[in-house]
Amino acid sequence: MSWTQTLTYPFMQHAIIAILFAGVAFPMIGVFVISLNLIPLRFAMMHIALLGGAIGLFFKVDPLFMGLLFCTLSSLALGPISERMKLGLGTLSGYFMTLTLALAFILIYKANIHVLQAFNILWGNILSLTKGDLILVGIISFFILCIIFLFFKEIQAILYDREVALAVGIPEKWFYYLIVFVLGLSVAVSMRVIGALLVDGFVLLPAMAAIIISRSLKQTFFFSALFGLISGMIGLYLSFLLDIPTSSAIILVASLIIALCGLLKRNLLGYAKIS
Amino acid sequence: MEYCIRISDIHVQLSGHYVLRGMNLEVQSGEFVSIVGENGAGKTTLLKVVCGILKPSKGQVHVFGYDLSQFKNLTLLRKQIGVVPQRSISHRFPICVEEAVLMGRYGKIGLMRRPKRVDWEKAHEALKLMGITQYSRSLVYQLSGGEQQKVALARGLAQEPSLLLLDEPTTYLDNESRSEIMETIYSIHQEKKLTTLLVSHDTHWVTRFSDKIYQLKDGESSLVEGIG
């Protein structure tokens, strides 16, 4: 079967549409994750989704929906809890990560749920997206782009230095909660699109590459979206050409882009030091 | 003359340890007041209390006549306070100097609004005052500690505050630059009729410019006599 023939199949069309949406919007969230050092939160979300999935299976409700619901509610709650308890979000994420995993295992064991069934929620596949998934990815991507467009300067100040943002009169706490919420939501949806174990590749790697070569936050957002789109599209094509898993192919391309950006920075842009 | 800051008998606890214990401070509008004390004496904590980031467990803090324990809209208050923190930015955040200075205007611009020409003009004016116009397109994280400190000062000035809080503004500077920066800060203080509260561990550099100096030791403050 040729590549053009494959494009006529709905599963491939869905995958391309998902990359167009998520490939552009989700790497922008990666910029938040790197700048605010929120990587532990992504792990916490993965385990929270697993607990949601196990509860879904127990009550015979769609485990994916429950996983998403749990991630959404947790991302709404984690920011304020961290603030109130005066615990860093990283520490709190560690706490929730282990607690939810323990609860999920108890539920799986006691309710006699098939382990693989519960873990299915963590293995997303971009080639098995439904129309409903696409609508969800589209809505969340649009939401992310709106937040970044409308509150660019507030986000810029918070990513630069939270205390500076507070000092210049930005309601920093509310924007920080919003960032955590959007992050939780995108990680949850990314799990469905690419699988939890490879979320970083979709969210973080394009952002990392963008940060290497950018000189402003606007450039960083632009390049992270561009690299997300390029790695998604080329990865999808390579997976077809070489018969390898799509998520892995996307990550390989994104990793290559990082290496190229590093080389570009070193050889062409240089490390101009201010004298 | 009215008081810009009035602090009475405040106690501030951080990680189970009292950093400030029964501290008192009075700063009148238009005054240049310095707080001196060794590292860890609670100077930075005091600045955080003044701009409402930290709340004392006991005592009262009045800023611009408002009791901060009762005042709900701290964001509004902070728009009038220019804060220049001590630390420099070490992470590779992609922002150039002029944008970092423009950030001082963000609170005043308001939510969902873009900076206008007047905001850029204020930012460039502040860059000029601090003598760092030549770095306006440079990335902040590539600058030295001293240059980053000038960026932070420029951001504080671009905010056009009534009250300027300076946390060790000359830490990363050599002696010549220190003197130059202190002269600049003082002339801006006088020209813009600001109220300035500066904290430093070095008494030598603040004596010349201060109307009043408080010594902070073991969480308590005492007025240093013979100044002003």
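Visitor: How are helix 2 of chain A and helix 10 of chain A oriented to each other?

Guide: Two packed helices are described by the angle between their axes and the distance between the axes. In this predicted model, helix 2 (residues 10-36) and helix 10 (residues 172-194) of chain A pack at an angle of about 135°, and their axes are 10 Å apart. Helix 2 of chain A and helix 10 of chain A are therefore oblique to each other.

Visitor: What is the handedness of the crossing of helix 2 of chain A and helix 10 of chain A?

Guide: That crossing is left-handed.

Visitor: Which residues in helix 2 of chain A meet residues in helix 10 of chain A?

Guide: From helix 2 of chain A come A:Ala18, A:Ala22, A:Phe26, A:Ile29, A:Phe32, A:Val33 and A:Leu36. In helix 10 of chain A they meet A:Ile179, A:Val182, A:Leu183, A:Ser186, A:Ser190 and A:Val193. By class, the residues of this contact divide into eleven nonpolar, two polar and no charged.

Visitor: Now the contact between the chains. How many residues does it take from chain A and from chain B?

Guide: The size of an interface is often given as the accessible area lost when the parts come together. Here the description is by residues: chain A gives 26 residues and chain B gives 26 residues. On the side of chain A that touches chain B, helix 8 (152-160), helix 9 (162-167) and helix 13 (217-242) of chain A each supply at least two residues. Helix 8 of chain A gives the most, with five residues. The residues of that side of chain A divide into 14 nonpolar, six polar and six charged.

Visitor: What is the order of strands in the open sheet of four strands in chain B?

Guide: Strands of a sheet pair through backbone hydrogen bonds, either parallel or antiparallel. In chain B the order is 2-1-4-5, with antiparallel pairing. Strand 2 (17-28) and strand 5 (66-67) of chain B are the edge strands, each pairing on one side only. Strand 1 (residues 3-14) of chain B pairs with strand 2 of chain B over nine bridges, and B:Ile5 stands opposite B:Val27 in strand 2.

Visitor: Which strands of chain B does helix 1 of chain B lie across?

Guide: Helix 1 (residues 43-50) of chain B lies across strand 1, strand 2 and strand 4 (58-63) of chain B, and runs at about 120° to strand 1.

Visitor: How many helices and strands does chain B have?

Guide: Chain B has eight helices and ten strands. Its radius of gyration is 17 Å, close to the 17 Å that the globule rule gives for 228 residues, so chain B is as compact as a globular protein of that length. Along its principal axes, the C-alpha trace of chain B spans about 45 × 40 × 40 Å.

Definitions and conventions:
Residues are numbered from 1 along each chain as its sequence is written. Chains are lettered from A and ligands numbered from 1 in the order in which they are written. This is a predicted model: local features need pLDDT of at least 70, side-chain atom pairs count only at pLDDT 80 or more; totals for chains, interfaces and linings use all residues. Two residues are in contact if their C-beta atoms, placed from the backbone, lie within 7 Å. Ala, Val, Leu, Ile, Met, Phe, Trp, Tyr, Cys and Pro count as nonpolar, Asp, Glu, Lys and Arg as charged, and the others, Gly among them, as polar. Axes are lines fitted to C-alpha atoms, for helices over the stretch in contact, and angles run from 0 to 180 degrees between N-to-C directions. Angles under 35 degrees count as roughly parallel, over 145 as roughly antiparallel, 65 to 115 as roughly perpendicular and the rest as oblique. A crossing is left-handed if the near helix is turned anticlockwise from the far one by less than a right angle, and right-handed if clockwise. Two strands pair if DSSP finds at least two bridges between them. The radius of gyration is taken over C-alpha atoms; the globule rule is 2.2 Å times the number of residues to the power 0.38.
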